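I opened this entry to record what I looked up in the structure. I started with confidence, then went through some of the elements.

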Amino acid sequence: MGQSACREVKCGLCDVPDVEIRQICPPVRLSRGEWIAHMGPMPKTNMGRSGALVLFSGGQDSTVCLAWALDRYDRVETVGFDYGQRHAVELAARQAVRERMVAEFPAWKQRLGEDHVLEMRGFGAVAQSALTADRAIEMTEKGLPSTFVPGRNLAFLVYAAALADRRGLTVLVGGMCETDFSGYPDCRRDTLEAQLGALNLGMAQDFSLETPLMWLTKAETWALAKGLGGEPLVALTVEESHTCYQGVRETLHPWGYGCGACPACDLRAKGYDTWVASGRPELAG
Ligand code: ZN
């Protein structure tokens with residue numbers, strides 16, 4: 001990997017034949033498959049197998065991601081993480097979402113495979129935050145909300161990739177999102193692409209990482225739910241998925257259950273209201 005990998009190309013923007021531009025190769029090619037070319041042929045252990053593993057928390061975003069994956073892949077499995085969340089309600093919502101998807105969407109029933117819950121309480125104990133310890137939800141001195149769990153998505157992806165390897169699944173699907181979000185640095189696409197490159201190198205794999213919500217607003221995520229499964233999927237998402245940081249499920253609001261006051265409820269409610277105000281549009285999956 002180095003200078004020999006660089007090549008010279010015509011610029012393609014003008015008619016002058018002798019104008020050439022030297023492409024600068026980054027030290028590591030991160031997008032799917034490209035890095036293999038630098039290292040000679042490698043066994044394609046994924047050949048002939050196609051399937052997706054959805055990082056599935058039972059929240060609104062990962063519920064829509066699960067529907068998105070079921071719409072695309074013949075075989076879809078889900079993985080959740082028990083890292084000592086304060087509210088077991090999140091883990092309970094996972095089963096409710098899966099069961100209702102199977103009941104209401106026969107085509108998806110054929111595709112939805114096993115669910116896995118990986119125990120990561122040791123990680124939760126190390127990376128304490130407002131979600132795993134009795135601490136107020138506030139902004140920290142680093143400009144991050146106290147709900148940020150350092151390294152959480154990075155750790156999830158390592159576990160998910162190891163599981164996907166063992167299950168013969170080649171696509172990882174996650175609901176990470178740069179838009180409308182609290183600025184979590186491990187939800188950024190550049191963070192995720194760097195980690196995907198490391199996972200593929202370190203596991204001799206050719207995983208792809210799909211983040212269908214990366215550039216969507218919360219209102220557009222509701223539109224995507226409608227595009228994938230119509231109003232029944234919207235209703236399922238409202239009634240079964242869980243987002244509230246406080247774990248409140250007593251009151252059903254138009255946008256779902258929750259305390260209505262925490263940052264997660266606020267984001268979810270505003271997105272829903274914006275989507276409704278714009279006429280409940282659909283976004284193709
Ligand atoms: Zn809440």
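**Confidence.** In the protein chain, confidence is lowest in helix α1 (residues 34-38), with a mean pLDDT of 30, and highest in strand β3 (residues 52-55), at 98. I noted that residues 1-14 have a pLDDT below 50, and that this stretch has 16 contacts in the model beyond near neighbours in sequence. Residues 16-49 are also below 50, and there I found 38 such contacts. Where pLDDT is low, predicted coordinates should not be read in detail, so I left both stretches alone. The average pLDDT of the protein chain is 80, and 73% of the residues score at least 70.

**Whole chain.** I counted nine helices and nine strands in the protein chain. Of its 285 residues, 35% are buried. Among contacts with a separation of 6 or more, 64% are between residues 24 or more positions apart.

**Strand β4.** I asked how many of the seven residues of strand β4 (residues 76-82) are buried. The count is six, and I put the strand down as mostly covered. On one side, β3 and β4 pair in the parallel sense over four bridges, and Val 54 has Thr 78 as its bridge partner in β4. From β3 the chain crosses through helix α2 (residues 60-70) to β4, and I recorded this β-α-β crossover as right-handed. β4 also pairs with strand β5 (residues 112-119), again in the parallel sense, over six bridges. Here Thr 78 stands opposite Asp 115 in β5.

**Helix α7.** I checked the length of helix α7 (residues 189-203) first. At 1.5 Å a residue, its 15 residues should span 21 Å, and the end C-alpha atoms are 20 Å apart, which agrees. I then looked up burial: Leu 192, Leu 196, Leu 199 and Asn 200 are buried in α7. These four cover an arc of only 95 degrees around the axis, so they lie on the same side of α7. The general rule is that an α-helix has 3.6 residues a turn, so residues three or four places apart point the same way. Asp 190 and Gly 202 are exposed, on the other side of α7. Just after α7, I found Ala 204 with a positive phi of about 50 degrees.

**Pro 263.** I located Pro 263 in helix α9 (residues 263-277). Is Pro 263 buried, partly exposed or exposed? Pro 263 counts as partly exposed because it has 14 C-beta neighbours inside 10 Å. The C-alpha atoms of Pro 263 and Thr 243 are separated by 9.8 Å, with the two residues 20 apart along the chain.

Terms used: Residues numbered from 1 in each chain as written. Predicted model: local features only at pLDDT ≥ 70, side-chain atom pairs only at ≥ 80, totals over all residues. Helix = DSSP H or I, 4+ residues; strand = E, 2+ residues; numbered from the N terminus. Buried ≥ 20, exposed ≤ 12 C-beta atoms within 10 Å, placed from the backbone. Contact = placed C-beta atoms within 7 Å. pLDDT = per-residue confidence, 0-100. Expected span 1.5 Å × (residues − 1). Arc of directions from axis to C-beta. Pairing = 2+ DSSP bridges. Right-handed = clockwise from strand over helix to strand, strands pointing away.
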